[in-house]
Amino acid sequence: MMWAAVLVTGVGCYLLKLAGLSVPGAVLERLVMQRVADLLPVGLLSGLIAVQVLSTGAELVVDARLVGLAVAVVALLLRAPFIVVVFVAALSAALVRLV
Amino acid sequence: MNLAPDPEPALDRAERSRIVRDALGVGIASGAYGLSFGALSVAGGLSIAQTCALSLLVFTGASQFALIGIVASGGSPLSGALTGLLLGTRNTLYGLRVGPLLGWRGWRRTVAAHALIDETTAMSVNRSTRAAARMGYVSTGVALFVLWNLATVVGALAGEAVGDPRAYGLDAAVGGAFLALLWPRLAARRNQLVAVLAAVVALGLVPVTTAGVPVLAAGGVAVLVGAVRQRSIPDEPTLGGEDPDSGGHESGGRE
């Protein structure tokens, strides 16, 4: 199942890229499509963050991960590079679990 | 690296080396991102081979992170794949923008399509000539593909050596990674509202649906807001007036 997901994502993402380079612009250049395409990553990423940080299975949980996310916000406000943001989020959550 | 006969004058050496230098810089920056992807993917339960296959075949960071994030939190691989595909639609719009600029046909376009992502778009849309746009696209694409995949392997091996992901806060790292991807998109007020609404809807669905569904519903919120706004304001004065770069690349070059 995992391999199927890997292949589906790989082939699908490639076809989405190829379509962009191949399709005449008129269809997708409509304003509504632009808006949706602009907002879709925002909604998905935000949903991913919420689920990733505040849930375990089917339960809502507040734990060390939320501290990690808060520290990530601070790192981003300080314009830290990607790897630093990820690292301090992990480090702070691990430290909270130690105490 | 000139992939096609070109009607415009060739690039001079100085510009060429400047573009290649920039491309290497972008590649190295995303290499760091590839390290975290590799480590988190293995921590999320994928094998090293699956992790490497994702970077080789999918080659668009946000989609890859979405897939492993959903699988790590107990969602089905296919709902992870679906979320990854939805995030991948953004590359289609990049193609509409850079396609006419690059002007490739046939096998060149077929190959070039694989590298159509945030960074290559950012490194080619701002060029004044087709030769420079192609140079930016190809050099960034090659640098990224090589470094991204190398970094994935190294990260995956390191992730496996580390062991229990929770002890090192790696589960919290995934949230941090998604936030870093979202961050550059939060400048516009409308995007902030959608982000909050999507998070609330996703959390509301967590207790009552199977894993994977809440995230897809969060994407649905974005689609609804995008569509409804269009209907309620039929005569928008300028195309994407409040968000001039709508549908385009992020200046940070991150996915």
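Let me begin with one residue, Arg108(B), which has its place in helix α5 of chain B, where helices (H or I, at least four residues) and strands (E, at least two) are DSSP runs, numbered from the N terminus. With 16 C-beta neighbours inside 10 Å, Arg108(B) counts as partly exposed; on this scale a residue is buried if 20 or more other C-beta atoms lie within 10 Å of its own, exposed if 12 or fewer, and partly exposed in between, with the C-beta atoms placed from the backbone. Ala133(B) is 25 residues apart from Arg108(B) along the chain, and the C-alpha atoms of the two are separated by 14 Å.

Residues are numbered from 1 along each chain as its sequence is written, and chains are lettered from A and ligands numbered from 1 in the order in which they are written.

On confidence, the predictor gives the complex an ipTM of 0.88 and a pTM of 0.77. Chain B averages a pLDDT (the predictor's confidence in each residue, from 0 to 100) of 83, and 84% of its residues score at least 70. Within chain B, confidence is highest in α2(B), at a mean of 97, and lowest in α10(B), at 82. Over residues 233-255 of chain B the pLDDT stays under 50, and for this stretch the model has 41 contacts beyond four places in sequence; two residues are in contact if their C-beta atoms, placed from the backbone, lie within 7 Å. Where pLDDT is low, the predicted coordinates should not be read in detail.

Now to the chains themselves. Chain A comes to 4 helices and 2 strands, which follow the pattern α-α-β-β-α-α along the sequence. Its radius of gyration, taken over C-alpha atoms, is 19 Å, whereas a compact globule of 99 residues would have one near 13 Å, the globule rule being 2.2 Å times the number of residues to the power 0.38. The C-alpha trace of chain A spans about 60 × 35 × 25 Å along its principal axes, and 47% of its 99 residues count as buried. Of the contacts in chain A with a separation of 6 or more, 30% are between residues 24 or more positions apart.

Chain B, by its secondary structure, comes to 10 helices and 0 strands. Of its 255 residues, 54% count as buried, and residues 24 or more positions apart account for 75% of its contacts with a separation of 6 or more. Its domain assignment, which is automatic or taken from a database, gives domain 1 (13-168) and domain 2 (187-242). The centres of these two domains, taken over C-alpha atoms, are separated by 25 Å, and 10 residues of domain 1 are in contact with 6 residues of domain 2. On the domain 1 side, α4(B) gives the largest share, 5 residues, and that side has 3 nonpolar, 7 polar and no charged residues. Here Ala, Val, Leu, Ile, Met, Phe, Trp, Tyr, Cys and Pro count as nonpolar, Asp, Glu, Lys and Arg as charged, and the others, Gly among them, as polar.

How do the chains meet? In the interface, 90 residues of chain B are in contact with 68 residues of chain A. On the chain B side α4(B) gives the most, with 19 residues, and the residues of that side divide into 54 nonpolar, 28 polar and 8 charged.

Leaving out residues up to four places away in sequence, Phe178(B) touches Leu45(A), Leu48(A), Ile49(A), Gln52(A), Phe65(B) and Gly69(B).

I will finish with two loop residues. Most residues other than glycine have a negative phi. Arg79(A), however, in the loop between α3 (64-77) and α4 (82-98) of chain A, has a positive phi of about 60°, and with 10 C-beta neighbours inside 10 Å it counts as exposed. Phe59(B), in the loop between α2 and α3 of chain B, has a phi near 45°, also a positive value, but with 23 C-beta neighbours inside 10 Å Phe59(B) counts as buried.

Conventions:
Predicted model: local features only at pLDDT ≥ 70, side-chain atom pairs only at ≥ 80, totals over all residues.
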